[in-house]
Protein chains: 2
Amino acid sequence: MSVVTVEVGLGDRAYEILIGPGLIARGGELIQQRLPKARCAIVTDGNVAAAHLEPLVESLTAVGNAPAVITLPAGEKTKSFSSLETVVDQIIAARLERGDAVIALGGGVIGDLTGFAAGIVRRGMNFVQMPTSMLAQVDSSVGGKTGINSPRGKNLIGVFHQPKLVLADTAALDTLPLREFRAGYAEVAKYGLIDRPDFFAWLEQNWQEVFSGGAARIEAIAQSCRAKADVVARDEFETGDRALLNLGHTFGHALEAATAYDGARLVHGEGVAIGMALAHRFSARLNLASPDDAARVEAHLRAVGLPWRMSDIPGDLPDAEALFNYITQDKKVTRGALTFILTRGLGQSFIAKDVPASEVISFLKEQRQG
Amino acid sequence: MSVVTVEVGLGDRAYEILIGPGLIARGGELIQQRLPKARCAIVTDGNVAAAHLEPLVESLTAVGNAPAVITLPAGEKTKSFSSLETVVDQIIAARLERGDAVIALGGGVIGDLTGFAAGIVRRGMNFVQMPTSMLAQVDSSVGGKTGINSPRGKNLIGVFHQPKLVLADTAALDTLPLREFRAGYAEVAKYGLIDRPDFFAWLEQNWQEVFSGGAARIEAIAQSCRAKADVVARDEFETGDRALLNLGHTFGHALEAATAYDGARLVHGEGVAIGMALAHRFSARLNLASPDDAARVEAHLRAVGLPWRMSDIPGDLPDAEALFNYITQDKKVTRGALTFILTRGLGQSFIAKDVPASEVISFLKEQRQG
């Protein structure tokens, strides 16, 4: 299996995403090709370090670039101000300069936090992403959004800071728990639902091969990165089209907040899966799209084993008004008006502004019972 | 006295600096002209609030835009991670969105901290600067550098985030202690020394009028903002020429660090004053410039009452090696080589790379005794 390269076209901030098996162990050479003199710090978490840190440190050391290593606790709680302060302090303590590189080795939490730290130390250092989760490979490692959570909401604090290079080691995904792989797959399906109906149909046929690994997995990840890179190149700072990438995220974030970001109940990709099904069902309720499309989305999510309705979340949920309050604190609110990503049919999503709050609340009431 | 406008030409991030008396009390109207629908939060400190908060709140309220107010303790210690967290949290708590505006009302500390917070909440909100110190009016409020201090060094953490508008109320400077006004004046003189020898000569003749207020003060501030805006427009992200603005800052920051940022001993502008004198004296020692130029700089700083040599700092300083270590932790170090802003004569400063460490240390030893 060869390595696939996806280019992210952002002018003087353009970079490559390499996708294929075994890239972590080649990290030293691949980074040195692009940033010949950069010294490195690796930021990772305890779980990922156990599985993947050694080959990366060896490959960097082999090219004469022994890295500093900063290891954090695994989990969403690490996306906090206090972890940010720790990482920033340790990068400065390692005396890295602007032209040196900070490497994120891990999933979305490590990538978002590390990118933020790299974006603010000395007002911006080189940043390299080595995503080790499905979610990070197809979503958070592409596009330059970095950040941490506020006690008042997810991802409310951060910067845009593009990486210089992304190495997506597809073999690393074999070490993931199935549930986590599956959650990341929700974002893969999302790209089909946004504007690539053929890709969605391909996934309906080939999802088992994506899960089992091999060429279909590389293909699905590459397609996802290309889809995201296209949108990001059009709208780097999310003033327009980029909001399409939030399909499923408004409902999804509200559900994550409503479950207090408790991964035992709901992880991000699962929230997105339910959110996408809800966005399609809500579009049907508003007579924008056929209920058949919503049913097809629900059927595919169910087939791969993802949750697709609120009642799939274990434990109690707050009532519809409380869920609605979580939505209004989400960052996709503009000037008090409610903005949703809705759809006119499979692969025909669009940005809907001024969605009436009353419709949202009635819909949530219905779905809470569903 | 009329209001002078300086344009900062940064493409789609271009903005205006208005300079003149009474602008704080006109804040509401001037912000509304440019950001018609933005809700506002004001970040300030206790001292500035006592002198200037009321007219600003009144002017915003008068245009139907009652602001949230976030008041912090005055002083350099406020440029910390914990203050940043407080400001970020309160902006989010006020439910401000990306299109709303965060106003910095205060000196450099408030401006740098607030700009950083505005740059990271929701990955970048509108930001308005209302600098109330001389230093902030001529330096920190122009150019988009924001940030906080690390326990390991000053301004090591931050982002580039340009304001939408700067209102420099020159009458506000009348409430400053003389020492603080004078410290800010060091940065005014700096623009002459970088590349405007005629401006420096004008200052040698007119500095008393700048201190006493009136048209000469507005003129000096406008010239300074224009000088800085020119450099920033050429090199927004400090990859080249912008480093010239650091004239006097490498030595100055080291002295600030060596005195533990104790404002009773040395404030930033005083560090810059001594740093500029040292940069000219060091240039003479390296046979780059005439000792007469260094003497002229020293004479002007002495005339206005600024410190100009290390022995002007009250209390003990660490030895030359320790001072040198503070220099190497400064952010103006690139890849281990020492970069200084030196000069070939008055108003002929340049970026000197690969300055030998041994020369710096010998020079510091000499000067420590001077």
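Q: Which helix of chain A holds A:Glu187?
A: This is a predicted model, so local features need pLDDT of at least 70 and side-chain atom pairs count only at pLDDT 80 or more, while totals for chains, interfaces and linings use all residues; side-chain values use heavy atoms, without hydrogens and water. Residues are numbered from 1 along each chain as its sequence is written, with chains lettered from A and ligands numbered from 1 in the order written. Helices here are DSSP runs (H or I, at least four residues), numbered from the N terminus. A:Glu187 sits within residues 178–195, which is helix H6.

Q: Where does UniProt place the feature "binding site"?
A: The record is an unreviewed entry, and such annotations may be inferred rather than shown by experiment; positions follow the numbering used here and feature names are shortened.

Q: Is A:His268 buried or exposed?
A: Buried means under 20% relative accessible area, exposed over 50%, and partly exposed in between (1.4 Å probe, protein chains only). A:His268 has a relative accessible area of 14%, so it counts as buried.

Q: Which side chain does A:His268 join by a polar contact of 3.3 Å?
A: A polar contact is a pair of N or O atoms within 3.5 Å; within protein, one must be able to donate a hydrogen and the other to accept it, and residues adjacent in sequence count only if both atoms are side-chain atoms. At 3.3 Å, the partner is A:Glu187.

Definitions and conventions: Helix = DSSP H or I, 4+ residues; strand = E, 2+ residues; numbered from the N terminus.
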